[in-house]
Amino acid sequence: TCGAPDGYGPACASATNIGTIHVGNSPVIKTGDLPAAGDQNWFEVAFPDNGNLAGYHPKISLSSTDPNIVFLVFSSTCSGGQPFGCGNATTWETSYTAAANLSEGGTLINIGTGGTIFVAVYRPSGVGTCDRYTITFSD
């Protein structure tokens, strides 16, 4: 029901912890809405398998009929509020660059302590709507 609490944390300090996603796990999918202007839903997720050079590929994707709903990704803490990644996004992903072996020139990824990141789903402009969003976390 639009406007009913969806149970997701409205701020970084109260982010909904969706747990740990290992390489090859089934994706974790959450749906919600942002019925009022200024609403936010925050999630915490860990992608700890950065030792799996060939398989490590954390990805977050968001879809909604409201094109104003986007997300920001923050590293292991939200203090300071500096997001990393590509800014307001509907898709974020990372993987090792170059080779799948560091001795062959691959670059090690550090996306947060233990692979933990925080994700803020919000609407940077526009009015609140009852349009639902779906956010998918996978590795």
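User: In this predicted model, which residues does N41 touch, not counting residues up to four places away in sequence?

Analyst: The structure is a predicted model, and in it N41 touches D6, Y8, G9, D33, L34, V119, A120, V121 and Y133, once residues up to four places away in sequence are left out. N41 itself is found in strand β3, which covers residues 40-46.

User: Why is N41 called buried?

Analyst: The relative accessible area of N41 is 4%, and buried means under 20%, so N41 is called buried.

User: What makes the approach of N41 and Y133 a polar contact?

Analyst: The side chains of N41 and Y133 are joined at 2.6 Å, and the limit for such a pair of N or O atoms is within 3.5 Å, so the pair is counted as a polar contact.

User: Where is D66 found, and why is D66 described as buried or exposed?

Analyst: D66 is found in the loop between β4 (59-64) and β5 (70-74). Its relative accessible area is 5%, and since buried means under 20%, D66 is therefore described as buried. With residues up to four places away in sequence not counted, D66 touches R123, T129 and D131, while a polar atom of the D66 side chain lies 2.8 Å from the backbone nitrogen of N68.

User: How far apart are D66 and Y133 in sequence and in space?

Analyst: D66 and Y133 are 67 residues apart in sequence, and from C-alpha to C-alpha they are 7.9 Å apart in space.

User: Why are β2 and β7 said to stand at the edges of the sheet?

Analyst: The open sheet of four strands has the order β2-β9-β4-β7, with antiparallel pairing. In that order β2 (28-33) and β7 (91-93) each have a single partner strand, so one side of each is left without a neighbour in the sheet. From one strand to the next, the twist averages 15 degrees.

User: How do you know that β2 and β9 pair?

Analyst: Six bridges join β2 to strand β9 (residues 132-138), and two strands pair if there are at least two bridges between them, so β2 and β9 meet the criterion, running antiparallel. Within this pairing, the bridge partner of D33 in β9 is R132.

User: How many aromatic pairs does the structure hold, and why is the one formed by W42 and F74 called tilted?

Analyst: The structure holds three aromatic pairs. For W42 and F74 the distance is 5.2 Å centre to centre and the angle between the planes is 35 degrees; ring centres must lie within 6.5 Å to pair, and planes under 30 degrees apart count as stacked and over 60 as edge-to-face, so W42 and F74 form a pair that is tilted. The pair links distant parts of the chain, with W42 in strand β3 and F74 in strand β5, 32 residues apart. Both partners are buried, with relative accessible areas of 8% for W42 and 6% for F74. Elsewhere, ring pairs link Y8, F43 and F137 into a cluster.

User: Which residues of the largest nonpolar core touch the most other members?

Analyst: Of its 21 residues, these are I60, F71, V119, V121, I135 and F137. Strands β3, β4, β5, β8 (116-122) and β9 each supply at least two residues of this core. The residues that I60 touches, beyond those up to four places away in sequence, include F71, V119, I135 and F137. A second, separate core of nine residues includes C12, A15, V70 and F74.

Technical notes: Residues are numbered from 1 along each chain as its sequence is written. This is a predicted model: local features need pLDDT of at least 70, side-chain atom pairs count only at pLDDT 80 or more; totals for chains, interfaces and linings use all residues. Side-chain values use heavy atoms; hydrogens and water are left out. Buried means under 20% relative accessible area, exposed over 50%, partly exposed in between (1.4 Å probe, protein chains only). A polar contact is a pair of N or O atoms within 3.5 Å; within protein, one must be able to donate a hydrogen and the other to accept it, and residues adjacent in sequence count only if both atoms are side-chain atoms. Contact means heavy atoms within 4.5 Å. Axes are lines fitted to C-alpha atoms, for helices over the stretch in contact, and angles run from 0 to 180 degrees between N-to-C directions. Rings of Phe, Tyr and Trp (its six-membered ring) pair if their centres lie within 6.5 Å; planes under 30 degrees apart count as stacked, over 60 as edge-to-face and the rest as tilted. A nonpolar core is a set of buried Ala, Val, Leu, Ile, Met, Phe, Trp, Tyr and Cys residues joined through side-chain atoms within 4.5 Å.
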